[in-house]
Amino acid sequence: QLHAAAQWLRKEPDKAAALLERATTINQTVYRDLTEMLLRLRPVASERPLAALVDETLAAWTGQIGWRLELDAVPALPAPQQHQLLRIVAEAAANAVRHAGARELRVAAQAADGMLEVRIEDDGRGFDPGNTRPGQGLQSMSERAQALPRGSLAVHSGPQGTVVCLRFRPDTGKEDE
């Protein structure tokens with residue numbers, strides 16, 4: 001893209017500008033992808049509230065999607081559980097931006113009966129979960145959910161958007177009753 005833009009710079013500046021814009025977009029995407037891959041390699045070890053960690057995770061998508069967090073009811077989670085949850089949120093956001101054209105993301109949590117349910121909802125164009133191209137996103141989210149205590153993941157999608165629902169038993173350090 002950059003080489004082509006240099007070639008067109010004097011002859012057709014508008015064409016060169018379009019090529020440079022495309023190169024910038026590609027560069028930003030590669031940067032986000034590399035940042036996300038690096039974050040996957042290390043578990044999160046933070047005492048900060050989960051809402052702050054989710055906000056930081058979603059910051060990679062600033063300018064491409066807005067988000068609303070409703071995570072006040074989340075108990076403190078150990079680093080491995082925080083890590084899995086944040087990676088699922090990151091993948092859901094990536095899918096919402098890359099594939100669904102979503103403009104808004106909502107991440108909410110509700111604790112009941114010793115289980116935590118985290119819902120990640122987007123307003124994108126949705127998809128048929130039973131008819132997806134081979135990819136790692138949904139599979140990775142499912143595997144991460146299953147790595148959590150009593151963890152499960154459900155994905156519901158339609159023309160009004162997609163809902164990713166993660167359920168697991170948070171390890172709060174207390175003995176089971």
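Asp-113 is placed in the loop between β2 and β3, where helices (H or I, at least four residues) and strands (E, at least two) are DSSP runs numbered from the N terminus. The structure is a predicted model, in which local features need pLDDT of at least 70 and side-chain atom pairs count only at pLDDT 80 or more, whereas totals for chains, interfaces and linings use all residues. Residues are numbered from 1 along each chain as its sequence is written, and side-chain values use heavy atoms, with hydrogens and water left out.

Asp-113 has a phi near 55 degrees, a positive value in a residue other than glycine. Most residues other than glycine have a negative phi. With a relative accessible area of 79%, Asp-113 is exposed; the classes are buried under 20% relative accessible area, exposed over 50% and partly exposed in between (1.4 Å probe, protein chains only). A positive phi, near 50 degrees, is also found at Arg-150, a residue of the loop between α5 (137-146) and β4. Arg-150 counts as exposed at 60% relative accessibility.

The secondary structure of the chain comprises 5 helices and 5 strands, which follow the pattern α-α-α-β-α-β-β-α-β-β along the sequence. An open sheet of 5 strands has the order β1-β2-β3-β5-β4 and mixed pairing, two strands being paired if DSSP finds at least two bridges between them. Because β1 (66-70) and β4 (152-158) stand at the edges with a single partner strand each, one side of each is left without a neighbour in the sheet. Neighbouring strands of this sheet are turned by 15 degrees against each other on average, direction ignored; axes are lines fitted to C-alpha atoms, for helices over the stretch in contact, and angles run from 0 to 180 degrees between N-to-C directions.

Strands β3 (residues 115-122) and β5 (residues 161-168) pair in the antiparallel sense over 6 bridges, with Val-118 opposite Leu-166 in β5. Helix α3 (residues 50-58) packs on the sheet, where it touches β1 and β2 (104-112), and its direction makes about 165 degrees with that of β1. Helix α4 also packs on the sheet, touching β2, β3, β4 and β5, at about 170 degrees to the direction of β5.

Within helix α4 (residues 79-98) lies Gln-84, which is buried at a relative accessible area of 16%. Neighbours within four places in sequence aside, Gln-84 is in contact with Arg-144, Ala-147 and Leu-148, contact meaning heavy atoms within 4.5 Å.

Of the 177 residues in the chain, 37% are buried.
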